[in-house]
Amino acid sequence: MKKLYATALLSVLMTTAACAQAPVFTTLATSGKKVFAGAKLEKKGMEPETYILEVSADNLSSQKISLPTELSHREVIAIFSTQSNVIVVMSQRTVEQGDKPLFHSFDPIKKEWKKIAEVDCVSFAKLKVEAGSVTLNCVETNKAGDEVETQKKVSLQGLALSPKGDITLPVEKLEEPSLKAQLMGDSFEWKELKVGYDKKEKIFRP
């Protein structure tokens, strides 16, 4: 009986390992001397496991930021920096038809997460970032069956986003005067993050 149990357990472990894909990055952002990248690990038939990788440019070291329970299986599709060093994370359930994107703030000093908004916009790719809001260009189907584009603006409860401007998702490359970050690999299957600061450079993996 023990031998049969051990064989069955090994089979389950091998099947689980075979169904798991290598973790990948999903989007990118910078805030001061910090780089933030969304990451996910998918297993066949299961919700993805997601988190954020934070890289400090000063010493090119990294740490994992765990998401709160309500976000742990949602894909991180955008990250925004703010003037107060709080980051805003935009997430969505991307399997099947997807769902309403959610906006949460994360205070790195207090290690606190807070839900600040949601928007009824399942399909989109372009965002307009303003001081205290994000506008999504939503693609919807009208009663005639035609695809139409509408804009939906989300207020972020007084958080001042920076920088402002238009963004096309996903973000895979960012360049600033002394800080550069780029997701490496096939599109939507980025397995490496290259961060360069001054004359230093390092590759990170999720």
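Is Lys100 buried, exposed or partly exposed? I looked it up and found Lys100 partly exposed, at 39% relative accessibility. For the record, I take buried as under 20% relative accessible area, exposed as over 50%, and partly exposed as in between, with a 1.4 Å probe and protein chains only.

**Ground rules.** I am working on a predicted model, in which local features need pLDDT of at least 70 and side-chain atom pairs count only at pLDDT 80 or more, while totals for chains, interfaces and linings use all residues. Residues are numbered from 1 along each chain as its sequence is written, and side-chain values use heavy atoms, with hydrogens and water left out.

**Salt bridges.** I listed the salt bridges (a side-chain nitrogen of Lys or Arg within 4 Å of a carboxyl oxygen of Asp or Glu). The structure holds 11 of them.

I opened the pair Lys40 and Glu75, where the closest N and O atoms are 2.9 Å apart. Strands here (E, at least two residues) are DSSP runs, numbered from the N terminus. I checked burial for both partners: Lys40 is buried, and Glu75 is buried too.

I then returned to Lys100, whose side chain meets that of Glu118 in a salt bridge at 3.8 Å, N to O. Lys100 sits in the loop between strand E6 (87-92) and strand E7 (102-107), and Glu118 sits in strand E8 (residues 112-118), so the pair links parts that are 18 residues apart in sequence. Glu118 is partly exposed, with a relative accessible area of 39%.

Glu118 also forms a salt bridge with Lys115, at 2.8 Å from N to O. Lys115 counts as partly exposed, at 44% relative accessibility. I also looked for salt bridges that share partners, and noted that they join Lys40, Glu42 and Glu75 into one network.

**Cis peptide bonds.** I noted a cis peptide bond between Ser162 and Pro163, with omega about 0°. Pro163 is in the loop between strand E11 (147-155) and strand E12 (165-168). I noted another cis peptide bond between Leu169 and Pro170, where omega is about -5°. Pro170 is placed in the loop between E12 and strand E13 (173-175).

**Positive phi.** Which value does phi of Leu60 take? I read it as near 50°, a positive value in a residue other than glycine. Leu60 is in the loop between strand E3 (49-56) and strand E4 (61-66). Leu60 is buried, with a relative accessible area of 7%.

Phe188, also not a glycine, has a positive phi of about 65°. I placed Phe188 in the loop between strand E14 (179-186) and strand E15 (189-197). Is Phe188 buried or exposed? Phe188 is exposed, its relative accessible area being 54%.

**His104.** I finished with His104, which lies in strand E7. His104 is buried, with a relative accessible area of 1%. I listed its contacts (heavy atoms within 4.5 Å). Leaving aside neighbours within four places in sequence, His104 touches Glu70, Leu71, Ile87, Val88, Val89, Trp113, Lys114, Lys115 and Ile116. One of these, Lys115, is the residue I had already noted as a salt-bridge partner of Glu118.

Terms used
Helices (H or I, at least four residues) and strands (E, at least two) are DSSP runs, numbered from the N terminus.
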